[in-house]
Amino acid sequence: MTDFAVADLTTLTSTSSTPTPSDGSPVDCQPLDCNGLTTREINQALKAIAATGQASVTVLNPTGRHNLAVGLETSMLIRFEGSVGYYCGGLSDHANLDIQGNCGWSVGENLMSGQIIVRGDASANAAATARGGKICVLGNAGARAGISLKGATLIVLGNIGAGSAFMMQQGRMIVCGDAGANLADSIYEGEIFVGGAIASLGADAQVEPLTEADWQMLDRELGDWNVKAQDYAFKKVVCAKQLYNFKPRDFAQENAI
Amino acid sequence: MCGIAGLIYYDPEQYKSFGSTLLSLIQPLESRGPDSCGVALYHDCPTPSQVRLLLGSLQNSDAPWQQVRHWMEQSLCIANWQAIAQVQQVTLDLAHQNFDLSQFKQALHHQFPALHVVSAGQAMEIYKGIGSVEELAALYGLRDFSGTHGIGHTRMATESVVDTHHSHPFTSSYDLSLVHNGQVSNYYKLRFQLERMGAVFETQNDSEAIAHYIYYQLLQGKSLEEALHQLLADIDGTYTFLVATRDKVALVRDKYAAKPAVIYEQPGIVAIASEYRALLNLPQFDSTAKLREPGAGEVNIWSVIPTPQATYASPLSLLTP
C-alpha cells in the first residue's frame with residue numbers, strides 16, 4: 001500500500017497563488033493528470049487539493065478507471081476530461097462532478113448530496129441507492145438506472161435501459177427518452193417521469209396523471225438543460241401499493257363463480 | 001467476473017497486427033479475471049483442403065507425441081506437425097480423404113486418454129492457459145498472429161477448477177469458439193439434454209454447454225441468428241458472451257443485462273470489450289467515436305469479409321454430423 005503524503009502535492013497545487021481574474025472568481029489550479037498515479041493517489045490528491053480551498057480542479061486522462069472521486073466530502077468542482085469507469089463519485093457528500101465523457105457502472109452510487117453531471121452516456125446502475133443530490137446524464141443511461149434509489153434525483157435526457165428504478169424507495173427520476181422493460185418493478189415510493197415510450201411496467205408500478213405542480217417541477221429541473229418539458233409527453237409512474245400488504249385469496253368466492 | 005473481448009478487422013492492411021491488438025484488448029481485463037486467459041484466433045489465409053488441429057495434454061508431464069504422430073500417420077495425411085510450447089499444431093491434408101472430428105476425438109481418447117483436441121478448424125486456433133496474458137502471448141508467440149477476427153477471455157473461475165482445460169475459449173466444432181462472462185443457471189438440465197442429443201462434454205465448465213448448444217442448433221439447420229435468439233429463451237442465467245465462426249462474430253447479452261460489454265464500431269474495425277478502458281489500447285482509437293452498449297436480451301452479429309483464399313470450396317462442411 002502506498003502512502004501518498006500531502007506534501008507531495010505541492011507541485012500539484014503550486015499555482016494556487018496565481019492571481020484571480022478580475023471578476024474575483026477563483027481560478028482552476030493546475031490540472032491533475034492521472035497518468036502514472038494509482039487510483040488511491042488520485043483520490044488522495046483530490047482531497048488534498050480540496051483542502052487548499054480551490055474552487056475547482058480538472059482531472060486529465062481518467063482513461064475509464066474505476067473508483068475515481070469516491071468517498072469525497074467536498075463541493076470543489078471536479079471536471080473529468082474524458083470517460084471514467086465504475087463507481088465514479090460514489091459514496092460522496094456534497095459532490096460536484098462534471099464528467100466530460102461517458103461513465104461506467106454505478107455512477108454516483110449512494111451519493112448523499114451534491115451534483116454529478118455526465119455529458120456522455122452512463123452505463124448500468126446509474127445513481128444506484130443514491131440518497132440525495134442530483135445526477136444528470138445528458139446522454140443515455142443503461143440497465144437498472146436508479147436501482148433502489150433512496151432520495152436522490154436522477155435526470156436522463158436520453159433513454160434508460162431495462163429494469164430501471166427497480167425497488168426504488170424514494171426520490172425522483174426524470175427521463176426524456178424511452179424506458180426499457182420492467183420499469184419501476186417492486187417500487188415502494190418515489191416518482192418517475194418518462195417523456196418517451198415505456199417498454200413495460202414492472203410489478204406494482206402504475207401510471208398516474210401529472211399535476212400542474214409536476215409540470216412546473218419538470219420545467220424547473222429540465223430548464224437547466226434548455227429542455228422544455230412541454231416538448232415531451234411525460235408520463236408519471238408511481239407505486240400502485242398493491243404489494244404493501246399480504247392479500248389472502250378468497251377461495252370460497254372463487255369457487256362460487 | 002470475467003473479461004471478454006472480440007475483434008474484427010475489415011482492412012487487410014491491418015491483418016498482420018491482429019494478434020498483438022487482440023492481446024492488448026484483453027490485457028487490461030486481467031483485473032476482471034486474473035487466473036487464466038485464452039484467445040481464439042482466425043487466420044486471414046486458411047489453405048483449402050487443410051485442417052489444423054491443436055492437440056494438448058490434460059497432464060503437465062510430457063505426452064508421448066512421437067507415438068501420437070506415428071499413430072495418426074497410419075490413417076491420416078499430415079502436412080505439417082509443429083510443437084508450440086505445450087500444444088502440438090497438426091495440419092492435416094484432406095484433399096484425398098475424409099475426416100470425422102468426433103470419431104477422431106473418440107479414437108484419440110481411447111488411445112491416449114490424457115490427450116485432447118484443443119481446437120480444430122480451417123481458420124481457427126485456440127490458445128489458452130493459466131497465468132497472465134503476457135505469459136500466454138510469449139509462450140505461443142501470439143503477437144505475430146496475422147488474422148481477420150477473434151475473441152479473447154480473462155477468467156475468474158466461479159463454477160469449475162482453474163486449469164488450462166477449463167479456461168476459455170471453448171469450442172464445439174470446426175471453427176466455432178465461445179467466450180463467456182457469467183453463469184448458466186440451468187447447466188445440468190441443459191447438459192443432460194445436449195448429451196442425449198449426442199454432445200460430448202469435455203469439462204465441468206458451464207460455459208462449454210453454451211458452445212454445444214449453439215452447435216446443436218446449427219446442426220438443426222438454424223442460422224446463427226436464429227440459434228442465438230432461441231438460446232435467449234433456453235439458457236437461463238447471467239451471460240454476456242461472444243461466439244465466433246469462420247465468417248461471423250456474435251455478441252449476446254442476457255435479458256437482465258447482468259454482465260457488461262461495450263461496442264466500438266469504426267470503418268475497418270469492430271471491437272467489443274467488457275470495459276471501456278480496454279478499448280483505449282486499440283491502435284488509432286478514436287476517442288470521439290460513439291460507443292454502444294448492447295441492451296438486455298440483445299443479439300448482435302457481425303459478418304467477417306472473407307479473404308479471396310478463404311472463398312475456395314471447403315472440403316469440410318461446418319456441420320459435418
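The structure is a predicted model, in which local features need pLDDT of at least 70 and side-chain atom pairs count only at pLDDT 80 or more, while totals for chains, interfaces and linings use all residues. Residues are numbered from 1 along each chain as its sequence is written, chains are lettered from A and ligands numbered from 1 in the order in which they are written, and side-chain values use heavy atoms, with hydrogens and water left out.

**The two domains of chain B**

- Chain B is assigned domain 1 (3–45 + 133–300) and domain 2 (47–121), with bounds that come from an automatic or database domain assignment.
- The C-alpha centres of domain 1 of chain B and domain 2 of chain B are 24 Å apart, and 10 residues of domain 1 are in contact with 18 residues of domain 2, where contact means heavy atoms within 4.5 Å.
- Between them, domain 1 of chain B and domain 2 of chain B bury about 1000 Å², 55% of it on carbon and sulfur atoms; buried area is the accessible area (1.4 Å probe) that two parts lose on being put together, summed over both.
- Of the area that domain 1 of chain B buries against domain 2 of chain B, Tyr140(B), His165(B) and Tyr174(B) supply 50%, more than any other three residues.
- One salt bridge is found across this interface of domain 1 of chain B and domain 2 of chain B, a salt bridge being a side-chain nitrogen of Lys or Arg within 4 Å of a carboxyl oxygen of Asp or Glu.

**His153(B)**

- His153(B) lies in strand β8 (residues 147–155) of chain B, strands being DSSP runs of E with at least two residues, numbered from the N terminus.
- His153(B) counts as buried because its relative accessibility is 0%, and buried means under 20% relative accessible area (1.4 Å probe, protein chains only).
- Leaving aside neighbours within four places in sequence, the residues in contact with His153(B) include Cys2(B), Ser36(B), His168(B) and His180(B).
- A polar atom of the side chain of His153(B) lies 2.9 Å from the backbone oxygen of His180(B).

**Tyr239(B)**

- Tyr239(B) is in strand β11 (residues 237–244) of chain B and, at 1% relative accessibility, counts as buried.
- Not counting residues up to four places away in sequence, Tyr239(B) touches several residues, among them His180(B), Asp254(B) and Lys259(B).
- A polar atom of the side chain of Tyr239(B) lies 3.0 Å from the backbone oxygen of Ile235(B).

Definitions and conventions: Helix = DSSP H or I, 4+ residues; strand = E, 2+ residues; numbered from the N terminus. Buried < 20%, exposed > 50% of the residue type's maximum accessible area, 1.4 Å probe, protein only. Polar contact = N/O pair within 3.5 Å; in protein donor to acceptor, adjacent residues only side chain to side chain.
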